[in-house]
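Visitor: I am new to this structure. Please take me through one part of it closely, and show me what surrounds that part.

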Amino acid sequence: KILFILISIPFLFLVACTGEEKEIYSGNSNERLTEEEEACRKDLQGAENGWIMEYFPDTSLYGGYQLIVSFDEDGMATFSAEKAVSGDNTRKESGMYTLKHENGILLSFDTYNRIFHQFSDPQSDGIGFGGDYEFYVMEHTVLKGKKTYQRVELHRLSTDVSWSEYLSKIDKMATLVDTKYLDMTLNGKPVSMLAKSSFARCFNLSYTTDEAVETHVMSFVLTV
């Protein structure tokens, strides 16, 4: 299989937008919200082999991480993650989740989960990763962090691939970009990228302008 790195370079491209992303559950009718909530719950529980979650905490400091999550009918969400997050890609942790009404449908992971909640828990610096544990449901497979507004996408994991098998491929990719230089040419000018570390999932991107050398932080997520 071909392996890819998905890279976002927001400062290099200007995209014209004609409107803002809207929450599809923003109606005022409680009945409508309840119907949408049940439809969302059914979809979340309907992934036979769970969901691949591309999770971005604070993108000014970190890139994205691959987690796998499943939702059961008893209100429990079970997570596993690549080694950079969990330390062991065969390890699983479970905790309660709820869907509630709060300016739309809000998905909340309520009880502590040692894999998932490390992104939102404050660390010794009082901040940590600066991530979310509550998300507005934009579509049934697209979430938006309540605090950070970061987009989180869910993709069904194929039934013929085990969780650890998929995550092992991500772990292998991580070793390929750990503190590695990547060189490229943009508009005829050389650009250098240095991966800060396999854990941070960010490149320091440097390029020369007419005035000086500029450096920016660029986040990425590993995929297979």
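**Around a buried ring**

Guide: Start with Phe116. Its relative accessibility is 0%, so Phe116 counts as buried. A caution before going on: this is a predicted model.

Who is its partner? Phe116 forms an aromatic pair with Phe79. Phe79 lies in strand β4, while Phe116 lies in the loop between β6 and β7 (134-139). The two residues are 37 apart in sequence, so the pair ties together separate parts of the chain.

Now turn to Phe79. Phe79 is buried too, with a relative accessible area of 2%. The structure holds 11 aromatic pairs. Another of them joins Phe79 to Phe109. Here the centres are 5.3 Å apart and the planes stand at 65°, so this pair is edge-to-face. It links distant parts of the chain: Phe79 sits in strand β4 (residues 76-81) and Phe109 in strand β6 (residues 105-109), 30 residues apart. Phe109 is buried, with a relative accessible area of 2%.

Step back from the pairs. Ring pairs link a cluster of residues. Phe79, Phe109 and Phe116 belong to it, and so do Tyr55, Tyr65, Phe71, Tyr97, Phe119 and Phe135.

Next comes the nonpolar core. The largest one has 29 residues. Phe79 and Phe109 are among the residues with the most contacts inside it, as are Met53, Leu67, Phe71 and Leu107. Several elements supply at least two core residues each. Among them are α1 (30-45), β2 (51-55), β5 (93-101) and β9 (151-156). Strand β3 gives the largest share, four residues.

Gln66 is a buried residue, at 0% relative accessibility. The side chain of Gln66 makes a polar contact of 3.4 Å with the side chain of Tyr166. Gln66 touches other residues as well, including Ile52, Met53, Glu54, Ala81 and Glu82. Leu167, Ile170, Val221, Leu222 and Thr223 are also among the residues touched by Gln66.

One more ring deserves a look. The charged end of Lys92 sits over the ring of Trp163, 4.4 Å from the ring centre.

For contrast, look at two exposed residues in loops. Asn103 is in the loop between β5 and β6. Asn103 has a relative accessible area of 63%, so it is exposed, the cut-off being over 50%. Its phi is near 55°, a positive value in a residue other than glycine. Tyr149 is in the loop between β8 (142-145) and β9. Tyr149 is exposed, with a relative accessible area of 56%. Tyr149 is not a glycine either, yet has a positive phi of about 65°.

Conventions. Residues numbered from 1 in each chain as written. Predicted model: local features only at pLDDT ≥ 70, side-chain atom pairs only at ≥ 80, totals over all residues. Heavy atoms only, no water. Phe/Tyr/Trp six-rings, centres within 6.5 Å; stacked < 30°, edge-to-face > 60°. Buried < 20%, exposed > 50% of the residue type's maximum accessible area, 1.4 Å probe, protein only. Lys NZ or Arg CZ within 6 Å of the ring centre and 35° of its normal. Polar contact = N/O pair within 3.5 Å; in protein donor to acceptor, adjacent residues only side chain to side chain. Contact = heavy atoms within 4.5 Å. Core = buried A, V, L, I, M, F, W, Y, C linked by side-chain atoms within 4.5 Å. Lists of a residue's contacts leave out its neighbours within four places in sequence.
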